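Subject: Structure for you to look at

Hello,

Here is the structure I promised to pass on. Please open it and keep it beside you while you read.

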Amino acid sequence: MSERPKRVLIVGLGGLGCPVAAILARASGVELWLCDDDEVDVTNLHRQILYRDADVGTDKLGAAQKALILGGLEPSRIVPQRTRLLPDNARQLVSEVDLVVEGADNFATKFLAADAAHLVGRPIVHGAAVRFVGTAWAVAAEGAPCYRCWFEDVPPGAQQGCTEAGVMGPVVGFCGALMADLALRVLAGDASAFGSLYTYDGQTDRLRQVPAAARPGCALCGSSPSIADIIESRYTTPSCAA
Ligand SMILES: [Zn+2]
């Protein structure tokens, strides 16, 4: 009896989600759960590689499906979710998949994805890119070190994102490819995929691998966690990060 495909939820079909989807579509045994409710914008075409000029103004979900199927992906391996990841659907969506890959463009969604993955017990690959710098890292299903270990204390004013700061298309592409690499390693059971934060600097072409340590006082994965459920008011940080 054949094993069912591994389900990967891709949160956000922007500059990071596009290359992640394009690469994972070529991997055998992977089912892509695509989550987005946004439209293709002409100013984003340089980094959102699944879309063409003719897609501007149409929904990203439909345009991405069209591009992936044209590229050879069987339609049955796509599960479209025409929504944002929201406090009222995050747990359910995440619980249905084997892995979450989060390339969201705002901190609220990143924290929400991190919390849902931790609470449900799923691994998650995070990615972000601003200006010349991109980051990618994977958090194990066991959940530590987690996204909040690193970013819980970043003041909102310091969370400058791509909308305000801009981002280099190649940096996003590189970072998305790195996220896809981590995703495939996680799906293959490679434990070495976890525990490191990768940072790519597009001005020096330097890739750094920094060991990520868990923070004992972390609200999500620490010894006395205060986050035990998804509460909407927790996800209001406004800034952007991809
Ligand atoms: Zn943590």
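Below is what was found, taken one site at a time.

One caution to begin with: this is a predicted model.

**The zinc site**

Start with the metal. Which residues hold the zinc ion? Its protein donors are Cys146, Cys149, Cys218 and Cys221. Each one uses its SG atom. They lie 2.2 to 2.3 Å from the zinc ion.

Next, the geometry. The angles between the four donor atoms run from 93 to 124°. Four donors count as tetrahedral if all angles lie between 85 and 135 degrees, so the arrangement around the zinc ion is tetrahedral. For reference, the ideal angle for four tetrahedral donors is 109.5 degrees.

Now look along the chain. The donors follow the spacing C-x2-C-x68-C-x2-C. Cysteine 146 and cysteine 218 link distant parts of the chain, 72 residues apart. Cysteine 146 sits in the loop between strand 6 (133-139) and helix 5 (147-151). Cysteine 218 is in the segment after strand 8 (206-211).

Cysteine 146 has 3% relative accessibility, so cysteine 146 is buried. Cysteine 218 has 1%, so cysteine 218 is buried too.

**The aromatic residues**

Helix 5 (147-151) comes up again here. Tyrosine 147 and phenylalanine 151 are four residues apart in helix 5, so about one helical turn separates them. Tyrosine 147 is buried, at 4% relative accessible area.

The structure has six aromatic pairs. Take the rings of tyrosine 147 and phenylalanine 151: their centres are 4.7 Å apart. Their planes meet at 35°, so this pair is tilted.

Both residues belong to one aromatic cluster.

**The largest pocket**

Last, the open space. The largest pocket has a volume of about 510 Å³. It is lined by 34 residues. Which of them are closest to its centre? They are Asp36, Asp38, Arg84, Asp105 and Asn106.

Helix 4 (107-120) and helix 6 (162-165) each supply at least two lining residues. Helix 4 gives the most, with three. By type, the lining divides into 13 nonpolar, eleven polar and ten charged residues.

Best wishes

Terms used: Residues numbered from 1 in each chain as written. Predicted model: local features only at pLDDT ≥ 70, side-chain atom pairs only at ≥ 80, totals over all residues. Heavy atoms only, no water. Donors = N, O, S within 2.8 Å, 3.2 Å for Na, K, Ca; no water. Tetrahedral: all angles 85-135°; square planar, octahedral: opposite > 155°, others 65-115°. Buried < 20%, exposed > 50% of the residue type's maximum accessible area, 1.4 Å probe, protein only. 1 Å grid on protein atoms, 1.4 Å probe; cavity = no way out; pocket = protein on both sides within 12 Å on 5 of 7 lines; lining within 4 Å. Points joined across faces, edges and corners; volume = space filled by probe spheres on them. Nonpolar A, V, L, I, M, F, W, Y, C, P; charged D, E, K, R; others polar. Phe/Tyr/Trp six-rings, centres within 6.5 Å; stacked < 30°, edge-to-face > 60°.
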